There are 2 protein chains.
Amino acid sequence: MSQAPVNRQVLLKSRPSGIPQAEDFEIVEAPAPAPADGQVLVRNLFLSVEPAMRGWVSAVANYSQPVGIGEVMRSFAVGRVVASRAAGYHEGDLVVGMFGWQDYAAVGPEAIQRRIEESDLPPSTALGVLGLNGLTAYFGLLDVGQPKSGDTVVVSTAAGSVGSAVGQIAKIHGCRSVGIAGGPTKVALCLDEFGFDAAFDYKAGDLDAALDRACPNGVDVYFDNTSGPISDAVMKRLNVGARVVICGTASVASWDPWPKGPRVERHLLVKRARMQGFVIFDYAKHYAEAWPVLADWVRAGKLRYREDILDGIEHAPGAIAGLYRGENLGKRLIRIADPDQGAQ
Amino acid sequence: MSQAPVNRQVLLKSRPSGIPQAEDFEIVEAPAPAPADGQVLVRNLFLSVEPAMRGWVSAVANYSQPVGIGEVMRSFAVGRVVASRAAGYHEGDLVVGMFGWQDYAAVGPEAIQRRIEESDLPPSTALGVLGLNGLTAYFGLLDVGQPKSGDTVVVSTAAGSVGSAVGQIAKIHGCRSVGIAGGPTKVALCLDEFGFDAAFDYKAGDLDAALDRACPNGVDVYFDNTSGPISDAVMKRLNVGARVVICGTASVASWDPWPKGPRVERHLLVKRARMQGFVIFDYAKHYAEAWPVLADWVRAGKLRYREDILDGIEHAPGAIAGLYRGENLGKRLIRIADPDQGAQ
């Protein structure tokens, strides 16, 4: 029997109080595990990096149990099955699931989100536009935001992987899409690549004036990825019956101490508006409805995406902090092996 | 032709920036109007006093046009038709509608909410438990709050005319009702008269500890009449999927400058909770469904109410400010004539 390959793993070393930094993680080496009966051994190809990871390592009450100190960082990944002792999975299958920030994972079917069937699309899309990001935009906008044709849909972090999909799905549904992004490069991306009807740089000065120009008819749906001053400005422009989808709070560096902001009650009351929190995992039973729709939009060129690929697992520890600094353009991924490796 | 009777009218004299005070109004005398063709002349018996009046006289953008300076104060009232030139209305009919703070109003059918049919119940109930207050509790709790049997329903201003109805309707729907009120008298009223499962005095000290005791299983529905620190404490205890009905902001003395509070986004996100503003007038087409249900609950003793009746129109100017000081127990009304006067 050949020796087990080396499994590089990124462990959580300390619990961050705010945004996870490189020094909160450490990289160790261990032998790759052997799959138990009912498991597959997955060789990860792409690891995901996402804003929600801040919540996954936070000690503050959250929608999932925090990653323990000394544990492999929780993460979605795309990998190839290199050994299968689980019914229905075969060597060479491309799969996406909760495989962690590591080279190899021995997992049961419960950790596998799905087998990737879109062989005409790059496997990395399973972590972005066909993964949690695309699903988040799809269900958050359509189910919680309930856009109607002619509505003005505003989205923050609009050049990001969720925001860009929100803008494009809003357009597909006949809405006016308005993107808020940080810096001229991202604004240009919103307009030129993702087809927003209007987009502006929230760092460029007068947020109120920019919103007035971009939303002459007010705001019907606000897909909020940021909280903070951007949201405060949008809230003042809600139309009667508006829907605010609370998807993320990227602009809030820490919730300890708990930040204050302008009270929302009067906006909600006067405008009979709704703010609703949204966590994609609640929609797990409905993912399968969305994947073929999203894939067809990608094939038709109606749903474009960007990827920001870092090469090598050594980039993982600092990758979340970089995300919060806004240094990526598109879905941030870490490529840790040749995607064609092991293909049948 | 006999001389027109004197019509005492309460006019808005100045626009308050916060809570309307007695000096913002003046009482004048004019001859009672004659009804035009298609109108009735109503002799008001009871005038309503309600927290929403603060919004009706506010210059800040609101859900209705503000009352103009020099105009009769907008108000619901119960009155008797003393002359009719409108089809379907007859002398002696008891009606409720937007008749203003005055003795006499000449109005068309569009100002009449309904003819009072419950001859077995006091006519004043048409302004309270069978009026906007009962309707607000009914549609706000059931349609926006969507309580399920076994839910914990928390309501602020719980001894008030809306809050007490919310608590009782929650009980009728199999929920645990928790009332928050100001002072021991109101707390006793909640427990002894309105049957709340728990009630406490928000002025008595540790709000967090009181909520923990009253809501051992968290909060599923919060019917918010106050905003402010009471709401901030409740928001920390929302359960997954909780619904917050924003019905009023009684604890906020002024929105200029706009007050700040703890940000709600993280609560909403982590708990997939919803906050939604609610204005009863949006439900006007559905009122007729609720009246017989509310009236039957009143007759069955399941929906009890209190009234706080001031005698004489001279009490009107200061009545809103008194409401915000919490000096009333139950629905505040002003009786300006003998209710039996003119009965057929």
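1. A residue counts as exposed when its relative accessible area is over 50%, as buried when under 20%, and as partly exposed in between. The model under discussion is predicted.

2. By that cut-off A:Asp37 is exposed, its relative accessible area being 63%. A:Asp37 forms a salt bridge with A:Arg85, with 3.9 Å between the closest N and O atoms. A:Arg85, at 46%, is partly exposed. Because A:Arg85 lies in the loop between β4 and β5 of chain A and A:Asp37 in the loop between β2 and β3, the pair ties together parts that are 48 residues apart in sequence.

3. A second salt bridge, between B:Arg43 and B:Asp103, has an N to O distance of 3.0 Å. B:Arg43 belongs to strand β3 of chain B and B:Asp103 to the loop between β5 and β6, so this pair ties together parts 60 residues apart in sequence. B:Arg43 is buried, at 11% relative accessible area, and B:Asp103 is buried as well, at 1%.

4. Helices α2 (residues 132–145) and α8 (residues 287–299) of chain A pack at an angle of about 100°, their axes lying 10 Å apart. The angle makes α2(A) roughly perpendicular to α8(A). Among the residues making the contact are A:Leu135 and A:Tyr138 of α2(A), and A:Trp291 and A:Trp297 of α8(A). The contact residues comprise 10 nonpolar, 1 polar and no charged.

5. The same surface serves both copies, since 100% of the contact residues of chain B recur in chain A.

Notes: Residues numbered from 1 in each chain as written. Chains lettered and ligands numbered in written order. Predicted model: local features only at pLDDT ≥ 70, side-chain atom pairs only at ≥ 80, totals over all residues. Heavy atoms only, no water. Contact = heavy atoms within 4.5 Å. Axes fitted to C-alpha atoms, helices over the stretch in contact; angles between N-to-C directions. Helix = DSSP H or I, 4+ residues; strand = E, 2+ residues; numbered from the N terminus. Parallel < 35°, antiparallel > 145°, perpendicular 65-115°, else oblique. Nonpolar A, V, L, I, M, F, W, Y, C, P; charged D, E, K, R; others polar. Salt bridge = Lys/Arg side-chain N within 4 Å of Asp/Glu carboxyl O. Buried < 20%, exposed > 50% of the residue type's maximum accessible area, 1.4 Å probe, protein only.
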